[in-house]
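Thank you all for coming; I would like to walk through one model this morning, moving from one part of the chain to the next. Please have the sequence and the coordinates open beside you.

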Amino acid sequence: MPFVVCWIIVYGWFCGCPVFDVFVRGAKRGMKTTAGILPTLIGLMTAVQLLRDSGILDLLAGLLSPFASILKIPVQVLPLILVKLFSASAATGILLDLFKNEGPDSYVGMLAAVICSSAETVLFIMSVYLTHVSIRKSRWILPGALLCTFAGIVAAAAVTGMMGLV
């Protein structure tokens with residue numbers, strides 16, 4: 001990595017580019033982007049914590065458990081799947097809880113790890129990026145993203161099931 005940074009600086013210097021000025025302009029733009037995204041981030045983190053603390057996640061997991069049992073997804077993993085749509089860090093917290101309670105080498109632990117590493121924080125990405133770039137026509141983005149997430153979860157259950165841990 002230091003080689004790449006040095007290469008960029010030297011290349012810019014040889015091309016006559018004001019490297020430091022360009023860096024400062026980029027840093028200013030990055031700070032503006034961060035300031036624009038920050039309210040959305042705070043709102044999402046608050047919402048995820050409210051879902052966890054209020055018991056709504058457990059209620060949703062109970063409602064989804066009959067469908068999940070068809071796919072051989074344990075009910076313990078359902079809160080992780082739901083939270084992963086909003087926040088990767090909250091999902092990691094749930095993953096660590098599953099590791100502590102079920103064990104990392106159990107079917108629940110393996111499935112949760114595969115889902116955590118292969119699923120995307122769909123609602124987080126949509127809320128941050130769509131609001132930042134002011135996209136108004138997002139009709140098919142959410143259904144497509146949720147369909148892909150569902151396919152990834154089904155694939156994770158199938159692959160983990162093939163490991164013979166069920």
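Just after helix H7, Ser134 adopts a positive phi of about 60 degrees, where helices are DSSP runs of H or I with at least four residues, strands are runs of E with at least two, and both are numbered from the N terminus. Please keep in mind that this is a predicted model, in which local features need pLDDT of at least 70 and side-chain atom pairs count only at pLDDT 80 or more, while totals for chains, interfaces and linings use all residues. Residues are numbered from 1 along each chain as its sequence is written, and side-chain values use heavy atoms, with hydrogens and water left out.

Lys72 is another non-glycine residue with a positive phi, near 60 degrees, and Lys72 lies in the loop between helix H3 (56-70) and H4. Is Lys72 buried or exposed? Lys72 is exposed, with a relative accessible area of 54%, given that exposed means over 50%, buried under 20%, and partly exposed in between, using a 1.4 Å probe and protein chains only.

Returning to helix H7, which spans residues 122-132, its buried residues are Val122, Met126, Ser127, Val128 and Leu130. These buried residues pack against helix H2 (19-54), helix H4 (78-84) and helix H8 (141-162), with contact taken as heavy atoms within 4.5 Å.

His132 also belongs to helix H7, and His132 is partly exposed at a relative accessible area of 36%. Which residues does His132 touch, leaving aside its neighbours within four places in sequence? The answer is Thr33 and Ile37, and for the pair His132 and Thr33 the C-alpha to C-alpha distance is 7.7 Å, although they are 99 residues apart in sequence.

In the loop between H7 and H8 we find Ser138, which counts as partly exposed at 24% relative accessibility. From Ser138 to Met126 there are 12 residues in sequence and 9.2 Å in space, C-alpha to C-alpha.

Arg25, Lys28, Arg29 and Lys32 form a positive patch, and Arg25, whose place is in helix H2, is partly exposed with a relative accessible area of 46%. Patches are made of residues with over 30% relative accessible area and no salt bridge, joining like charges within 9 Å and nonpolar side chains (Val, Leu, Ile, Met, Phe, Trp, Tyr) within 5 Å; a salt bridge is a side-chain nitrogen of Lys or Arg within 4 Å of a carboxyl oxygen of Asp or Glu. Lys and Arg count as positive and Asp and Glu as negative, with His and the chain ends not counted, and the charge is placed at NZ of Lys, CZ of Arg, CG of Asp or CD of Glu.

There is also a nonpolar surface patch of about 940 Å², made by Met1, Phe3, Val4, Val5, Trp7, Ile8, Ile9 and Tyr11, with areas from the Shrake-Rupley method and a 1.4 Å probe. Val4, one of these residues, sits in helix H1 (residues 2-14) and is partly exposed at 41% relative accessible area.
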